[in-house]
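Here are my notes on the model, point by point. Have the structure open while you read.

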Amino acid sequence: MSGTFLGMPSLPVFGIGNLHEHEPFPKAARRELGNTQLRANLGHATRTIRDKRLAVVSELPDWEELREAGRAIKESVMARLPELLEQFEANFTARGGTIHWARDAGEANAIVASLIREQGADEVVKVKSMATQEIGLNEYLEEQGIAAFETDLAELIVQLDHDKPSHILVPAIHKNRSQVRDIFLREMEGVDPELTNEPARLAAAARAHLRRKFLSAKVAVSGANFALADSGTLAVVESEGNGRMCLTLPETLITVMGVEKLLPAWEDLEVFMQLLPRSSTGERMNPYTSLWTGVTPDDGPQNVHLVLLDNGRSAALADEMGRSALHCIRCSACMNVCPVYERTGGHAYGSTYPGPIGAILSPLLTGITAEENNSLPYASSLCGACYDACPVKINIPDILVHLRGEDVDSKRGKRGKRGRERLPSQMDLGMKAASWALSSGKNLGLVEKALPLGRIAAGPDKKITKLPGIAAGWTQSRDIPAPPAQSFRQWWDKEHRAPAAPTDPTGTGDAGTGNAGTGSAGTEENP
Amino acid sequence: MNAREEILDRIRSALRDAPAVPDVPRDYRRSSTLGEEELIELLTDRLVDYKANVFIEEAAAVPQRLAVLLEGAGRYAIPHGLDQALFAEADARDGGSRRVTDAPGHRLSVEELDRVDAVVTGSAVAVAETGTIVLDASPDQGRRVISLVPDRHICIVRARDITAILPEALRRLDGTRPQTWISGPSATSDIELERVEGVHGPRTLDVVIVRG
Ligand code: SF4
């Protein structure tokens, strides 16, 4: 059993791997927005899944109670994580499984490769797993001369096309049927040259292509959706049967799983197996779920391994405001309801984890200052749709705001909690100026004297299309109307100084507030 | 420090604010009151929605039903624990020559399983609300591989094993047995979200629900 932490608090150790935005989100988003095929497919996909999800969720009278139970279970898992990990390890090991611990992506990759080599294998079959994508396992194995075959249809399409997944649930959603056919004709050995673009024919081609691989594979690599601490049981949720093939046929099974995937007990599965399928594919239940506990003599793989992965999870856990991001069960509901994701798609987020959850999870795992990940918490309008959809009630908007604060802190002269020393930025100077201006009426009056200057800057069309410095971000996608000739305060002063001025503010407010309204361009909604 | 110690240490350090362990409110439905006929009806509705074929039979009529279902098939596999009497009708037609049995000491290889047209198994429990059938590798259901490789799965579900909701079903199961939860034939919606039945798992699922 693990006791309370008594040692020296260590600094968070962040994760590495496919977790980074390589350019600022707005830049990536602008490029992706130009891909009209992607936008059309994504729009169709997110709408369809959204509607299906709503239908099956509204069918359950106790959906909110299930969500609340799910949230509480995950919260207790995080609070008891060391103890539950030790319990899981003891049970999994007692039933013939072997546990490996990996501090980061590199260590996990090396463990998997050496386990494969021990079996004398130079190829493996894989069932879709975000953890292995996060650590870049396929690329690593390729360097080591080991071929990894993705067996999920969408992952297969993406892999054959040397592309990246764009959606965690339907990774090839950015390709239409004709593109898929072309990829198969080009990349699949021995494929029927008469192959049409009918989805059923394409699925049959994938079945034929992978069948030999499944039946002869010596080693499989999988992820896991859940791990039960009280029994050492692992679960994989899937649709096509490729998961069952990987988990049943090969002699050796290597599973890679983040440490946060634990559930305390068997009865907790009844909550999550109601929440996950309905939130994810909008089905009452997914076609196949497999459960295994270590080794079962005479049934399935006899050489069973689990790699428990940290890779920044402990760092995310150390963030009291952000740790609930680790409750995520990767259902993708938040993506399908997100107005930003619906338009930009998954590639714009850079990381393995896209959409609203990616916008918080990636910077939590890597640290806010890693590469361009500090742009991710801004990839949101804070509309809150993700929070409403999330089956485990992760308050994504709150964490986004918290991470924006971390980002600002990290750029400020003051040392951010998770950041490093920096010079005062434009933002700091701007904030300082604002705080001076707003601190007294006199100061504000001085600033308002400058309003007519803004009118000159706006020119005859009364629009400011380009602001300087960091304010340029604001005008990238919108114009600012010219400021009014006078401020509301100036107008009020003038109207109320004369003794004869009427005292009914509602009677005179029209013209004046209209003017003042255009002055505060920041509140204007843009299409 | 080895990786295990270091990771556990990092996690303990991350939790040094000692977050409270909340009580888990289990206010969701945990039991139900549906009768056998309602359960059969609900399960059938869900399975048909998944494009499974459903046959509801009295116990005495099952051998006849199996014989009909197996008519078009060449060889078929069964697990050793499945009641041989279920195949009396089929045997009357072919003398049992098409049947291969997976038994301890006589395991069917993957190649042999790949050559049979169908597999017949029992089941451990079913969930009506979600259209889910659970196999737990008991002797009448067999090793996981036998219900996976053949292209057609004929699954026998006893009415008394049907529960209304998932929590009821899980209470009847031992989580440490290897389990396969099956909700319809294998399917994918990976190409333009158009659902296609049958990728790698059995492309046809026939469910025989046995009353009484
Ligand atoms: S954050 Fe919530 S809604 Fe989004 S993928 Fe994770 S569990 Fe699903």
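How many salt bridges are there between chain A and chain B?

1. The count between the two chains is 20, and the structure holds 61 salt bridges over all chains. A salt bridge here is a side-chain nitrogen of Lys or Arg within 4 Å of a carboxyl oxygen of Asp or Glu.

2. Before going on, some ground rules. This is a predicted model, where local features need pLDDT of at least 70 and side-chain atom pairs count only at pLDDT 80 or more, while totals for chains, interfaces and linings use all residues. Residues are numbered from 1 along each chain as its sequence is written, chains are lettered from A and ligands numbered from 1 in the order in which they are written, and side-chain values use heavy atoms, with hydrogens and water left out.

3. Two of the charged pairs are worth a look. E89(A) and R4(B) form a salt bridge with their closest N and O atoms 2.7 Å apart. This pair crosses between chains, from helix 4 (residues 81–94) of chain A to helix 1 (residues 3–14) of chain B. Helices (H or I, at least four residues) and strands (E, at least two) are DSSP runs, numbered from the N terminus. R12(B) also meets E86(A) in a salt bridge, at 3.0 Å from N to O.

4. Now the interface as a whole. Chain A puts 102 residues into the contact and chain B puts in 77 residues, contact meaning heavy atoms within 4.5 Å. About 7,900 Å² is buried between the chains, 58% of it on carbon and sulfur atoms. Buried area is the accessible area (1.4 Å probe) that two parts lose on being put together, summed over both.

5. One open sheet draws on both chains: eight strands in the order 8(A)-5(A)-6(A)-9(A)-9(B)-6(B)-5(B)-8(B), with mixed pairing. Strand 8 (262–263) of chain A and strand 8 (162–163) of chain B stand at the edges with a single partner strand each, so one side of each has no neighbour in the sheet. Two strands pair if DSSP finds at least two bridges between them. Within chain A, strand 6 (residues 233–238) and strand 9 (residues 288–293) are antiparallel over six bridges, and V237(A) stands opposite T289(A).

6. Chain B has a parallel open sheet of six strands, ordered 1-12-7-4-2-3. Its edge strands are strand 1 (53–57) and strand 3 (99–102), each pairing on one side only. Strand 2 (residues 76–79) and strand 4 (residues 118–121) of chain B are joined by two bridges, and Y76(B) has A118(B) as its bridge partner.

7. Last, the ligand. It is surrounded by 13 residues (a heavy atom within 4 Å), and the closest are C328(A), C331(A), S332(A), C334(A) and C390(A).
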